[in-house]
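Reader: I am new to this structure. Please take one part of it and walk me through that part closely.

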Amino acid sequence: MEHDGQLELYAAVADQLKEAHTTVRALQVPEGVRMALTRKLLVITAAAKHDLADAARRLEAFRADLDAGRFPEEER
């Protein structure tokens, strides 16, 4: 049964990552900020391959920052 829980978490994280990417693409921010946000999402995606629970926590924090309007500085 634990395997089923892991699959459910994987599906939830995958869905949330997809939504986060869609949200980032729709933001009206400078391209450098969008690149920084996308890079953060790619790091979270990579983390999900090794530690799904940690990736879920990182994604939750990322989404909270987006919702609060906290964006990284523009990359150059």
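Author: From the N terminus on, the elements run α-α-α. This is a predicted model. The protein has three helices and zero strands. Its C-alpha trace spans about 45 × 20 × 15 Å along the principal axes. Of its 76 residues, 28% count as buried. Among contacts with a separation of 6 or more, 66% join residues 24 or more positions apart.

Now to the part itself, helix α2. This helix covers residues 31–48. How far apart should its ends be? At 1.5 Å a residue, its 18 residues should span 26 Å. The end C-alpha atoms are 26 Å apart, so the two values agree.

Next, burial. Which residues of α2 are buried? They are G32, V33, R34, A36, L37, L41, I44, A47 and A48. An α-helix has 3.6 residues a turn, so residues three or four places apart point the same way.

V33 lies in α2. Its relative accessibility is 8%, and the limit for buried is under 20%, so V33 counts as buried. V33 and E19 are 14 residues apart in sequence. Their C-alpha atoms are 18 Å apart in space.

A36 is also found in helix α2. At 7% relative accessibility, A36 counts as buried too. A36 and R70 are 34 residues apart along the chain, and 12 Å separates their C-alpha atoms.

Then comes the core. The largest nonpolar core has 18 residues. Which of them touch the most other members? They are L37, L41, L59 and F62. The elements that give two or more residues to this core are α1 (2–26), α2 and α3 (52–67).

Leaving out residues up to four places away in sequence, L37 touches V24, L27, F62, L66, F71 and P72. L37 is also one of the buried residues of α2.

Now the partner helix. How do α2 and α3 pack? Their angle is about 160 degrees, and their axes are 7 Å apart. Angles over 145 degrees count as roughly antiparallel, and α2 and α3 are therefore roughly antiparallel to each other. On the side of α2, the contact is made by L37, K40, L41, V43, I44, A47 and A48. On the side of α3, L52, A55, R58, L59, F62 and L66 take part. The crossing of α2 past α3 is left-handed.

L37 and L41 are buried residues of α2. Both are among the core members that touch the most others.

G69 is found in the segment after α3. Is G69 buried or partly exposed? Its relative accessible area is 43%, so G69 is partly exposed. G69 and T45 are 24 residues apart along the chain. Their C-alpha atoms are separated by 22 Å.

How values were computed:
Residues numbered from 1 in each chain as written. Predicted model: local features only at pLDDT ≥ 70, side-chain atom pairs only at ≥ 80, totals over all residues. Heavy atoms only, no water. Helix = DSSP H or I, 4+ residues; strand = E, 2+ residues; numbered from the N terminus. Expected span 1.5 Å × (residues − 1). Buried < 20%, exposed > 50% of the residue type's maximum accessible area, 1.4 Å probe, protein only. Core = buried A, V, L, I, M, F, W, Y, C linked by side-chain atoms within 4.5 Å. Contact = heavy atoms within 4.5 Å. Axes fitted to C-alpha atoms, helices over the stretch in contact; angles between N-to-C directions. Parallel < 35°, antiparallel > 145°, perpendicular 65-115°, else oblique. Left-handed = near helix turned anticlockwise from the far one by under 90°.
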